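Reader: I would like to learn how to read contacts in a model. Please take me through them one feature at a time.

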Amino acid sequence: GTIERYLEEEPRLAHYRHALEDLLRQRDHVLSAELEKLLAAAGEVTMASGQIFTMLNNADISHGTIADEDGNEAALTKGNYLRFMESRSRSVRQAAFEGMHQPYIDHRNTLATTFSSSVKTTIFLARARKYESALQATLLPSNIPIAVYDTLVEVVNRKLPLLHRYIALRKRVLGLDELATHDLYVPIVPEVEASYTYEQGVDVVMRSLTPLGGPYMQVLRDAFDSRWVDVYENKGKTAGAYSWGVYGVHPFILMNWGGRLDDVFTLGHEVGHAMHSHYTCARQPFTYGRYTLFVAEVASTVNELLMNETLRKESTDPAFEMYLINHALEGFRGTVYRQTMFAEFERWAHELVESGGALTPEALSNAYGELCQRYYGPEVNIGEFTPIEWARIPHFYRAFYVYQYATGMSAAAALSRMLLDGGETERARYIEFLSGGSSKYSLDLLRDAGVDMTTAEPIEQALDLFGSLVSKLEQLIDAV
């Protein structure tokens with residue numbers, strides 16, 4: 001009761017209340033000073049499995065060459081793999097898929113040992129800190145009940161028929177007698193030939209985010225005018241795009257603008273991160289000036305969903321509308337369905353080891369293959385290469401991390417719908433969410449904004465939206 005008494009007696013401690021109460025909440029899992037020192041000293045040892053995987057995966061494994069669409073030999077790398085998987089040539093897709101996964105089959109014993117060591121490390125640290133399981137040890141520090149994780153897996157499994165329907169549509173449009181895993185990434189709607197200057201991209205973002213209200217839009221306009229965004233590719237600049245918030249300074253966004261529609265969506269996505277950081281730093285003291293991973297992708301995904309909705313409403317071109325719908329569907333498939341499949345695999349692996357089982361290469365591939373078959377459904381022949389995919393997923397070395405992508409997108413889908421259908425109250429609650437930082441637990445911030453992630457409802461609503469988009473795409477394809 002000492003700290004509680006200090007909080008009552010000293011008004012100047014008021015803004016530290018949540019931080020101190022959060023520490024007290026976890027006191028049962030804090031060890032003696034001597035044991036804490038010992039665990040801290042073992043830090044580099046406990047990270048070894050992930051570092052070994054990183055070196056093997058990024059430095060030592062080579063994927064050789066394949067014949068591209070023109071019959072020329074081309075190096076297959078992790079960087080160009082997706083481009084080959086989106087090829088209209090099925091032979092190119094198959095060669096890329098097999099070339100990517102063959103080295104992992106060749107190194108399956110090493111990779112199984114590495115992954116097993118990572119799982120055992122997570123379990124060891126959980127038990128050392130007196131948690132009931134590795135899953136609890138990962139979720140409890142953020143005050144996330146295990147039921148949130150389990151509910152995600154249960155609801156997504158219940159909604160798998162919607163994914164199977166989308167995959168059946170893919171098979172029909174591609175005109176294939178049998179769908180293979182390497183056919184799951186080629187766009188079923190050809191990319192629309194559209195080029196955007198950066199200024200046009202900014203205009204799309206500004207038009208799309210008007211449901212967030214006047215004050216938000218003014219900050220956003222000032223952000224663009226004040227050059228928060230470093231737009232173009234440059235020597236030594238990191239590839240891709242990212243945003244980073246710095247307390248006391250405006251957020252920074254780095255782009256590598258190429259003029260494609262994907263660049264426009266990426267800009268909107270990074271703006272979501274930047275505005276989340278801006279509002280958090282503007283409204284919170286330094287103590288609470290960062291938001292958690294559980295909500296990190298919510299604002300960025302809200303922006304993408306609002307942009308997709310706006311562009312679809314403005315479109316008079318059925319081909320462009322189909323492309324936008326397919327873009328949204330692939331977002332749901334890759335973020336909600338795929339990441340939940342990963343989450344289910346992680347839960348199985350840790351529970352197997354916790355019960356005394358062994359993660360052999362055969363056990364891992366069999367379990368992963370069965371999951372892929374269940375998620376992809378009867379239209380897909382997963383073949384001999386898909387079951388080894390577990391061996392190349394770097395996120396698995398950060399235990400129970402990926403489920404947050406799925407919960408984040410589910411929350412974003414619910415919030416975007418509220419913003420589109422609601423009014424000033426919904427906008428105000430959303431801005432309060434963006435401003436919350438870590439001043440409350442993530443579940444409480446989302447609940448105050450109108451989304452209760454301890455229930456099945458947000459996930460069900462997100463996947464019902466997925467189903468409605470599948471129906472719309474079916475109608476448009478049938479009308480062509």
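Reader: In which helix do glutamate 309 and lysine 313 both lie, and how many residues apart are they?

Author: Keep in mind that this is a predicted model. Start with the general idea. An α-helix has 3.6 residues a turn, so residues three or four places apart point the same way. Now the case here. Glutamate 309 and lysine 313 both lie in helix 15. They are 4 residues apart, about one turn of the helix.

Reader: How far apart are the closest N and O atoms of glutamate 309 and lysine 313?

Author: They are 3.8 Å apart, and the two residues form a salt bridge. The cut-off is 4 Å.

Reader: Is glutamate 309 buried or exposed? And lysine 313, buried or exposed?

Author: Glutamate 309 is buried, at 14% relative accessibility. Lysine 313 has a relative accessible area of 61%, so it counts as exposed.

Reader: Which residues are linked in a network with Glu309 and Lys313?

Author: Arg312, Arg417 and Asp421 are linked with them in a network of salt bridges.

Reader: What separates arginine 447 and aspartate 444 along helix 20?

Author: About one helical turn, because they are 3 residues apart in helix 20, residues 442-449. Arginine 447 is partly exposed at 35% relative accessibility. Aspartate 444 is partly exposed too, with a relative accessible area of 28%.

Reader: Which salt bridge links distant parts of the chain?

Author: Take arginine 129 and glutamate 36. Their side chains meet in a salt bridge at 2.6 Å, N to O. The two residues are 93 apart in the chain. Arginine 129 sits in the loop between helix 8 (108-128) and helix 9 (134-139). Glutamate 36 belongs to helix 3, residues 33-41. Arginine 129 is partly exposed at 24%, and glutamate 36 is partly exposed at 22%.

Reader: How many salt bridges does a search of the whole structure find?

Author: The search finds 34.

Reader: Let us turn to aromatic rings. How is a pair of aromatic rings described?

Author: Two values do it: the distance of the centres and the angle of the planes. The count here is 20 aromatic pairs. Look at phenylalanine 294 and tyrosine 403. Their ring centres are 6.1 Å apart and their planes are at 50 degrees, so this pair is tilted. It links distant parts of the chain, 109 residues apart. Phenylalanine 294 is in the loop between helix 14 (261-283) and helix 15 (298-314), while tyrosine 403 is in helix 18, residues 403-421. Both phenylalanine 294 and tyrosine 403 are buried.

Reader: Why is the pair of tyrosine 401 and tyrosine 405 edge-to-face?

Author: Their planes are at 85 degrees, so the pair is edge-to-face; the centres are 5.6 Å apart. Angles over 60 degrees count as edge-to-face. Tyrosine 401 is buried at 15%. Tyrosine 405 is partly exposed at 23%.

Reader: What lies over the face of tyrosine 401?

Author: Arginine 398 does, at 4.4 Å from the ring centre. Arginine 83 lies over the face of phenylalanine 84, at 4.7 Å from the ring centre.

Reader: Which residues form one aromatic cluster?

Author: Among them are Phe53, Phe115, Trp348, Trp390 and Tyr397.

Reader: Last topic: sheets. What order do the strands of the open sheet have?

Author: First, the general idea. Strands of a sheet pair through backbone hydrogen bonds, either parallel or antiparallel. This open sheet has 3 strands in the order 4-6-5, with mixed pairing. Strand 4 (229-230) and strand 5 (242-246) are the edge strands, each pairing on one side only.

Reader: Which sense does each pairing take, parallel or antiparallel?

Author: Strand 4 and strand 6 (residues 249-254) pair in the parallel sense over 2 bridges. Valine 229 stands opposite isoleucine 253, and aspartate 230 opposite leucine 254. Strand 5 and strand 6 pair in the antiparallel sense over 4 bridges. There, valine 246 stands opposite valine 249.

Reader: What do strand 5 and strand 6 form, and how many residues are between them?

Author: They form a hairpin with 2 residues between them. In the turn, glycine 248 has a positive phi of about 90 degrees.

Definitions and conventions: Residues numbered from 1 in each chain as written. Predicted model: local features only at pLDDT ≥ 70, side-chain atom pairs only at ≥ 80, totals over all residues. Heavy atoms only, no water. Phe/Tyr/Trp six-rings, centres within 6.5 Å; stacked < 30°, edge-to-face > 60°. Buried < 20%, exposed > 50% of the residue type's maximum accessible area, 1.4 Å probe, protein only. Lys NZ or Arg CZ within 6 Å of the ring centre and 35° of its normal. Pairing = 2+ DSSP bridges.
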